[in-house]
Amino acid sequence: MLLSQIRMPDGSRAVAMRDGDEARLVSGATGTLDLALAAISAGHKLGDEIAARGLGEAVDLAAALAEGRVLLPLDHPDPAHLHLTGTGLTHLGSASTRDSMHQKADPEDMSDSMKMFRMGLEGGKPRAGEAGVQPEWFYKGNGYATAAPGAALTSPSFALDAGEEPEIAGLYIIGPDGRPYRLGFALANEFSDHVTERGNYLWLAHSKLRPASYGPEMLLGDLPQHVEGASRVLRDGKAIWEKPFLSGEENMSHSLANLEHHHFKYELFRKPGDVHVHFFGTATLSFADGVTVQPGDEFEIACDAFGHALRNPLEQQAAGSEFVAVDAL
């Protein structure tokens, strides 16, 4: 079952549910956030809430995408209450790329990235109900840093690179009692600046403060153990780079439960009504293969299990005043 949010031709918002080829509107639903809150209030699953409301008219999701009317599959009316965060070094194979960027002068001395990856291999999948080793964690921004499916990912004027990261993201809402609820999963582009990160791994935090996109559809239920998709960079409609990407716990050094625990263990991230989009990491980057993207290129992340592909063109912010001065009051 796949959910998406769309803007109707009259400007109103709606939720579409797709099970197979046909998408239909969820009766009385104007957003997945409200739908999830109603499910929590009723004490049942999101799928049960949809079944209770029933489905209405059919919608052409492909046409809505082409017209730019598909929204993020989960958002918040106040963007400051949507948190973009993620974890790295979580996938089998992710360490080699990071290690090459973070190598120390002594090749015999293991990099901090490799040390953390090995910690995940050894303690990232604890027994059910127990906490394992904590992963690398990063902050990307809030709802103001999101780009809808089809919208441009804008690289700031001071950026040194503008690279895609094909990932799976978990989409969450915090219930009235402070309990996190996962609505589902979506394809995601955790857009980053890898040249800045390569300069010094302590600049990782800076490199992640870039926009991100996820969707266009949200997969309800459990994440498949094995996820295999394709990541592409398109230039003038043709792929200049293409590579498969893997996700799912079979391909990860951490369990999802462990990653979720180490994010939501902070009370800061359990404020009722807040929305969280948490990126689970990747092992596949065009940057690692020496690709340099340019404005006008389009990123495409596709996996059949998640419905329509996520596509976003690259846009470069025009150069302006590079120094931000602060006024004293």
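Which residue in E15 is the bridge partner of Arg 232? The points below take this up, starting with the basis of the model.

1. The model is predicted: local features need pLDDT of at least 70, side-chain atom pairs count only at pLDDT 80 or more, and totals for chains, interfaces and linings use all residues. Residues are numbered from 1 along each chain as its sequence is written, and side-chain values use heavy atoms, with hydrogens and water left out.

2. The partner of Arg 232 is Glu 300 in E15. Helices (H or I, at least four residues) and strands (E, at least two) are DSSP runs, numbered from the N terminus. Strand E12 (residues 227-235) runs antiparallel to E15, and five bridges join the two. Strands count as paired if DSSP finds at least two bridges between them.

3. On E15 pairing with strand E16 (residues 310-316): the two run antiparallel and are joined by four bridges. Here Ile 301 stands opposite Leu 310 in E16. Strand E15 (residues 298-302) is mostly covered, with four of its five residues buried. Buried means under 20% relative accessible area, exposed over 50%, and partly exposed in between (1.4 Å probe, protein chains only).

4. These strands belong to an open sheet of five with mixed pairing, in the order E7-E16-E15-E12-E13. Strand E7 (153-155) and strand E13 (238-247) stand at the edges with a single partner strand each, so one side of each is left without a neighbour in the sheet. On average, neighbouring strands of this sheet are turned by 20° against each other, direction ignored; axes are lines fitted to C-alpha atoms, for helices over the stretch in contact, and angles run from 0 to 180 degrees between N-to-C directions.

5. The bridge partner of Ser 155 in E16 is Gln 316.

6. In helix H2 (residues 46-53), the buried residues are Leu 46, Glu 49 and Ile 50. They cover an arc of only 100° around the axis, which puts them on the same side of H2; the arc is that of the directions from the helix axis to the C-beta atoms. Ala 51 and Ala 52, on the other side of H2, are exposed.

7. The loop between helix H5 (112-123) and strand E6 (136-142) contains Gly 124. Gly 124 is buried, at a relative accessible area of 0%. Apart from neighbours within four places in sequence, its contacts (heavy atoms within 4.5 Å) include Met 119, Val 133 and His 254.
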